[in-house]
Amino acid sequence: MIEALEWALLDGEHALLVKGDMRRARERFDVAFREAAQRGDHDAMARAALGLGGVWVHEHRTAAGAAMVRVRQREALSLLDPGSSLALRLRARLAAEDDYRSGGRDAILALVSEARDADDPVALAEALSLAHYCVLGPGLGALRLELAKELIGVASRTGRRADLLMGLLWYAVDLLLEADPHAERALGELRAALRKEPHQAAGLVVSAIEVMLAIREGRFDRAEERAAACREQGVAVGDHDAIGWYGCQLATIRWYQGRIGELVPMMTDLLRSPMISAVDDSPYAGLAVAAAATGDRRLAESMLARLRGSVLADLPRTSTWLISMYAIVEAADLLGDAELAAGAAALLAPYAELPVITSPGVTCFGSVHHSLGVAAITMGDPGRAVDHLRTAVHHNLALGHWPAVALSRSRLGQALALRDGPRDETARRELALAAQEARALGMVLPHHLSSRVTCRPSGPQWRVELGARAVLVDHSVGMAHLAALLANPGQEIMATDLAAGSVPPTPAIASAQPVLDGPAGRAYKNRLAQLDAEIDELESNHRRQQAQARRAERDWLVAELASATGLGGRARGFTGSEERARTAVGKAIRRAIERVAIADPVIGDELRAAVRTGVRCSYSPG
């Protein structure tokens, strides 16, 4: 008859290795360790301490729980023969836990080599699986695949089914992280193995990956339903990662639905949870972009400030680093922070060919090229943005990530419009296709692009802007007329009113000036139109002194008109002499547009297409 201690150990090992029931395994190993310590059974203590480590690394999230397990493992190790298999396995567990928290991998990889040299298949299988947790950051794909393949081979020597499942699982995850087109084949092999006999821990990872695949397909309702079920499954099996996975998956769904701002309260609670991994900073990045989306700049900047010493520093990359960077870039764009975008882009550049995916395949935001393209837009470099976003669309199509395709295509249209103007046919085609794809998926694309030109005073000049493009143009009568039109998009303004200065383009320009009735008013108006034409002509020929004299006369006339408005109540606007005003105002505006076009041809082309002159003038954005 098996005694109670051995029974507790065997029950714990069966729960962990055969069933993948992490909760029951922890309970049984806790009982076994206490009993073994009381008896002074060092081997039993070591088996129990190993089992308390669990399937993955960093399973114990609270400081108290992690410290207790660590103390037990060190105590058990100190009582073993240093050359024993149990000692080697315990050292591998402790090395992996240390490396994971510090962002390193050297210690656990050294233990992998030691297990190989010792020809200890069980110790080697465990070390290979533990090492995976320490090499999940971007840029280590080749190393991970080597470890996974070796684990699958070693499993045939250990005779433990759990080793084969871990090998198949890591192999599938590794291919997903590298955007390998054969990833789903490997996932199919893992599913087939789990159908023969379930393993709860491995099955939970497969469930999480299936949520990610549903998001890629754009099946948001199904993905959200499965994400909730996955969370409950994780809680039942005792995997604390399930809580963070759910938050990450829900945030992905809401991002593509255009509803990320709704999650600010949930994300705020999540980043305070002790169940989130100690090396996972993605909740801060997620809250930054959610807050920025709602216009809460202070909260967004606070979260970004917390990341500057970790995610935004040149430190070892964790498994959640890429999604954190994705969120940081989007937050930088929403905040208009070009410096932050540039810093993030520099860190991301070496990983451009990878997908933004967090291990073990929990969620995916498409190609890293998308983030590089968004950063380039924020930095005011639409040419570079076009190159990155074209590549992002291609990569996202290869991934079958339809929401990412629509979003990258929308951003591509924005970049093209910024580079070539909002009326560019290619830009319009990409934006229209993106909108069509988004409607089919139930997505809400963010309104990134403004096709409206704006104009405001900047000292003695005018600052003309279109999206991220901006130029300074010297003052002229035509620029004042143009500013008035740009300040009133879609509205027709009489050329006579523009000539009289009765439509203020901005608060910095004189307030509206009604004019006198009768012959006197018409005389004033005719002279104003004539002065406008003369001033513009003189300024065009750089005859500034003569232009200044005409401007002084014009200012006097406007003042006279202003003083006349209080004599008989509200005065009427100018009537008649439309042809003189049409000619003078039209010439002045066209000269102003040409000056803008010399400084920036894209803005100039947009103004030529959108501004209409005549008796009635208007600006109609595309």
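Tutor: Buried means under 20% relative accessible area, exposed over 50%, and partly exposed in between, with a 1.4 Å probe and protein chains only. This is a predicted model, where local features need pLDDT of at least 70, side-chain atom pairs count only at pLDDT 80 or more, and totals for chains, interfaces and linings use all residues. Residues are numbered from 1 along each chain as its sequence is written, and side-chain values use heavy atoms, leaving out hydrogens and water.

Student: Which residues touch the most other members of the largest nonpolar core?

Tutor: Trp56, Ile108, Met166, Leu169, Trp170, Leu190 and Ile209, out of 86 residues in that core. Helix 9 (residues 161-177) gives the most to this core, with ten residues. There is also a second, separate core of 65 residues, which includes Tyr326, Val368, Leu407 and Ala434.

Student: What does tryptophan 170 touch, not counting residues up to four places away in sequence?

Tutor: Trp56, Ser129, His132, Tyr133, Leu136, Ala148, Leu151 and Ser359. Contact here means heavy atoms within 4.5 Å.

Student: How many helices and strands does the protein chain have?

Tutor: The protein chain has 28 helices and eight strands. Helices (H or I, at least four residues) and strands (E, at least two) are DSSP runs, numbered from the N terminus. Of the chain's 622 residues, 54% count as buried.

Student: What makes helix 6 and helix 7 roughly antiparallel?

Tutor: Helix 6 (residues 106-117) and helix 7 (residues 121-133) pack at about 160°, with axes 9 Å apart. Angles under 35 degrees count as roughly parallel, over 145 as roughly antiparallel, 65 to 115 as roughly perpendicular and the rest as oblique. The angle of about 160° is over 145, so the pair is roughly antiparallel. As for the axes, they are lines fitted to C-alpha atoms, for helices over the stretch in contact, and angles run from 0 to 180 degrees between N-to-C directions.

Student: Which residues make that contact?

Tutor: Helix 6 brings Ile108, Leu109, Val112, Ala115 and Arg116, while helix 7 brings Ala123, Leu124, Ala127, Leu128, Leu130 and Ala131. By class, that's ten nonpolar, no polar and one charged. Ala, Val, Leu, Ile, Met, Phe, Trp, Tyr, Cys and Pro count as nonpolar, Asp, Glu, Lys and Arg as charged, and the others, Gly among them, as polar.

Student: Why is helix 27 called roughly antiparallel to helix 28?

Tutor: Helix 27 (residues 578-599) and helix 28 (residues 601-610) pack at about 150°, with axes 6 Å apart. That angle makes helix 27 roughly antiparallel to helix 28. Helix 27 contributes Ile593, Glu594, Val596, Ala597 and Ala599, and helix 28 contributes Pro601, Ile603, Gly604, Leu607 and Arg608. The residues divide into seven nonpolar, one polar and two charged.

Student: How do you know whether alanine 610 is buried or exposed?

Tutor: Alanine 610, in helix 28, has a relative accessible area of 2%. The cut-off for buried is under 20%, so alanine 610 is buried. Leaving aside neighbours within four places in sequence, alanine 610 is in contact with Arg423, Ser618, Tyr619 and Ser620. Its C-alpha atom and that of glycine 490, 120 residues apart along the chain, are separated by 9.7 Å.

Terms used:
A nonpolar core is a set of buried Ala, Val, Leu, Ile, Met, Phe, Trp, Tyr and Cys residues joined through side-chain atoms within 4.5 Å.
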